[in-house]
Number of protein chains: 2
Amino acid sequence: MTLPPHESDPYGDVGAADFRERAHELVDWIARYLDAPERYPVLPPLVPGATRARLTLEPPQQAEPLAKILEDFESQVLPGLTHWNHPGFMAYFANTASAPGVLAEFLMAALNVNGMLWRTGPAATELEQVTTDWLRQLLGLSEGWFGMINDLASTSTLYALAAAREADPALDVRRKGLAGRDLPALRIYCSQHAHSSIDKAAMTLGIGLDNVIRIEADAEFRMKPAALRDAIAADRAAGFLPIAVVATVGTTSITSVDPVDAIADVCAEEKLWLHVDGAYGGVAGAVPELRHLLDGVDRADSFVVNAHKWLFTPMDCSVFFTRRPDVLKRAFSLVAAYLETAEQDMVVNYMDYGFQLGRRFRALKLWMVLRAFGAEGIARRIRHHCELATTFAGWVKAAHGWEVAAPHPFSTVCFRHVPAGVPPGEVNAHNARILDRVNESGDIFISHTMLGPTYVLRVAIGNLRTGADHLARAWALLCAAASGP
Amino acid sequence: MTLPPHESDPYGDVGAADFRERAHELVDWIARYLDAPERYPVLPPLVPGATRARLTLEPPQQAEPLAKILEDFESQVLPGLTHWNHPGFMAYFANTASAPGVLAEFLMAALNVNGMLWRTGPAATELEQVTTDWLRQLLGLSEGWFGMINDLASTSTLYALAAAREADPALDVRRKGLAGRDLPALRIYCSQHAHSSIDKAAMTLGIGLDNVIRIEADAEFRMKPAALRDAIAADRAAGFLPIAVVATVGTTSITSVDPVDAIADVCAEEKLWLHVDGAYGGVAGAVPELRHLLDGVDRADSFVVNAHKWLFTPMDCSVFFTRRPDVLKRAFSLVAAYLETAEQDMVVNYMDYGFQLGRRFRALKLWMVLRAFGAEGIARRIRHHCELATTFAGWVKAAHGWEVAAPHPFSTVCFRHVPAGVPPGEVNAHNARILDRVNESGDIFISHTMLGPTYVLRVAIGNLRTGADHLARAWALLCAAASGP
């Protein structure tokens, strides 16, 4: 049997010497990359199939050297990537894989801890408890929250709504399900601007899209509590069963902030589960002068904030808080015989709080990121991003033919170009063309959204590498694209 | 404003020089770690709160140097970890964070690609398509499977059952949900030995635990197709709505293999969705002489195999295949305005095939692992693990007072000690004591399961570092523990 030279053990891992050499090279590559991701275009050419055409379509029969694989990564894969760490990435919500987060992921991979049970990683479980509590303190929330780290806000919101569905033990959804019994349709309420993850959770949970009731927002895109109260009353009168309200601190499209305190009043009166989606905006609680944006969150039953969005942590790291872990556990706990442990009544086994059994050691990266920046450093950076957004909005407001489309309480600005010469019916298409043009530059990547019938452009600031110079470049590109043919 | 020396930019990331220096140190640390994880006890002392007591309970106000954070990792966190990469880890399903996988995770973290849309990482999407197809070929499956990578089999199985729920468009569960309408209870069938993720999926999807029907298994722990057929008929007669059957190739407790082909016959007759759970055992398809264990899988509607279990890939990497991506998409697709792109009808946007919007660039690690070992190298290693299991089972069979409790088609052996002197009613407790004793050694970590009323010990071989010597050590520890007071 001939083995490629890098395999020191035919049954073992790639040899230690090879790993060490390649890993040191990779450190240098990554250090250069993180130092200036702008050496690459932020968006690659948008040609479907271009990467596939560079790849081999059959699996390799023989082992290949790591050096060759990494070479191929650079020549075959890298040219087709979108660079989320690029300072010109201002689409969706910009984020950052910071140095401490990247190091933590490296370490997490090597340790490969699966913290499904306390026993399978006691320090992983306890660090998750302590670190989520650090975040709670940083955001100015009171004591009494149970914290856990999920992959995504999609999951955290689904968990919140699953708990809401189980909050009345008499329904016993976990055992009986929703079909084949005399149960009214369950209803969930959120703003017309709330995130699609709520709809997807409702689809997944068997609640159904039709039962996600979108509540009208005011002129500043905030859910109207009176409209919420009316919708709930109308549904109760029609025989529906309201179970939860989702309020948002920083909606995805326009970063508006629902009046959580007033919504909490409604939920208290109606005995509904209140979930607050702060996936993006929740981090603002770390900035003293922005903390008021989280007013009322402490009254919620659950709350999600994503460290992998605006808290400098690599994907994925969604921090989920609930005041009612007992209900969450009732919704999800099921201990197979092989997972029973002597200590199970004395510890938190995180597998009991969701449908996901396996769990990566995500607490490690959050712990390292929070320490590497510190509370003051985090507040300073979040504040800076908000100031950059205000600067950008100022440029838009001051420019002829441009308008800011919504308030910008955080670091994201919605705006559009409404030049004199373009007929009203063509303004949307005009802005869509601007988007395509600036995105072709390779210097910036922005996205859009619809505010009702209005197409607006979005600049979302959130990467630690984005500074005033990149913002100025974005603005120059936008102005040039707007005045083009 | 005074800044700690490692912060070169008060608004930016940790300085590049600091990152580079620490990363090189970390490479050396990780290389040493991966070379001999057995320098640490596989299980730490099982003292709840021990890690917490070493940690600071308030978040840091000031930034701290990376070097200090990594030092604290080693002194505060590491002593409380379970070492999944330890050669003595033989609990649950042993797995491996191999060198190529660890390097890939490092790179993934730095790139931080979120492949929710094709546009947000064209190469991530296309590499996922190509790499999952490589795996399909490696396992000997025919063409026509759509592949995607999820976090966990918990998710993949939930996605399969969500698709099954949506397979009849007339039900329109996505829109109407399951409650408040004239719908019979939906039913799912699986073996009495199937994994709890099926129950958890049923709880999550609003199907309910009561509607997961556990089908009797034969003496070798395989689902009885005749019993399945009877259960479906009885349920139909009673007004239930059967929607899916889950067959397992390598059940979690005992690694038995359901007769997938015969079950596929039943599903074809009854027009039910067939999902095959090969989270652990599916990888055996890569070994020519074991490929028959996957007979019938090609007839399924969906199939899951976890690369992070027995395919040397760090957590998390669950490969999900379906022959009916259109149905999966109907169950989950919902495109918010801000996620619409010009190319959406020409490409795969993976966000359309699940409730999870964000997605890590997991294809990169699978691609690197498959290349680093190659088809032959993978088959050789899987085969070796099976041979080790056979060796171990041979020791058990030959030893007085010990018995193998089930067939071992893969790399996992269930067994127990039934010594002459112990009354039948105390045999379970006797084996539980053996488990505790060997796990206290720090040299091995094994788990248990229940086969009906019988408590059995499990040795699961799956880490690339585990060799005959570690197995011999495990056996010596077991024999010593069994003969102790």
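B:Phe312 is found in the loop between H11 and E8 of chain B, in a model that is predicted. Helices (H or I, at least four residues) and strands (E, at least two) are DSSP runs, numbered from the N terminus. The phi of B:Phe312 is near 65°, a positive value in a residue other than glycine. B:Phe312 counts as buried because 30 other C-beta atoms lie within 10 Å; a residue is buried if 20 or more other C-beta atoms lie within 10 Å of its own, exposed if 12 or fewer, and partly exposed in between, with C-beta atoms placed from the backbone.

Residues are numbered from 1 along each chain as its sequence is written, while chains are lettered from A and ligands numbered from 1 in the order in which they are written. Because the model is predicted, local features need pLDDT of at least 70 and side-chain atom pairs count only at pLDDT 80 or more, whereas totals for chains, interfaces and linings use all residues.

**Confidence**

- The mean pLDDT of chain A is 96, and 98% of its residues reach 70 or more; pLDDT is the predictor's confidence in each residue, from 0 to 100.
- For the complex, the predictor gives an ipTM of 0.97 and a pTM of 0.97.

**Chain A as a whole**

- Chain A contains 15 helices and 12 strands.
- The C-alpha trace of chain A spans about 75 × 75 × 45 Å along its principal axes.
- Of the 485 residues in chain A, 60% are buried.
- Among contacts in chain A with a separation of 6 or more, 73% are between residues 24 or more positions apart; two residues are in contact if their C-beta atoms, placed from the backbone, lie within 7 Å.

**How the two chains meet**

- The contact between the chains takes 140 residues from chain B and 139 residues from chain A.
- Helix H1 (residues 16-35) of chain B gives the most to the side of chain B that touches chain A, with 13 residues.
- That side of chain B has 77 nonpolar, 38 polar and 25 charged residues; Ala, Val, Leu, Ile, Met, Phe, Trp, Tyr, Cys and Pro count as nonpolar, Asp, Glu, Lys and Arg as charged, and the others, Gly among them, as polar.
- Of the interface residues of chain B, 99% are also interface residues in chain A, so the copies meet through the same surface.

**Core and buried elements**

- The largest nonpolar core has 343 residues, of which A:Met90, A:Ile188, A:Val245, B:Met90, B:Ile188 and B:Val245 touch the most other members; a nonpolar core is a set of buried Ala, Val, Leu, Ile, Met, Phe, Trp, Tyr and Cys residues joined through C-beta atoms within 7 Å.
- Leaving aside neighbours within four places in sequence, the contacts of B:Met90 include B:Ile444, B:Phe445 and B:Ile446, as well as B:Val459 and B:Ala474.
- B:Val276 is found in strand E6 (residues 273-277) of chain B and is buried, with 29 other C-beta atoms within 10 Å.
- Not counting residues up to four places away in sequence, B:Val276 touches B:Ala247, B:Val249, B:Val260, B:Val297, B:Ala300 and B:Phe303.
- In helix H8 (residues 196-204) of chain A, 8 of the 9 residues are buried, including A:Ile198, A:Asp199 and A:Lys200.
- A:Gly206, whose phi is positive, near 80°, follows H8(A).

**Backbone features in loops**

- The peptide bond from A:Met315 to A:Asp316 is cis, with omega near -5°, and A:Asp316 is in the loop between helix H11 (307-310) and strand E8 (318-322) of chain A.
- In chain B, a cis peptide bond joins B:Met315 and B:Asp316, with omega about 0°.
- B:Thr255 is not a glycine, although its phi is positive, about 55°.
- B:Thr255 lies in the loop between strand E5 (241-248) and helix H10 (260-270) of chain B and counts as buried, with 28 C-beta neighbours inside 10 Å.
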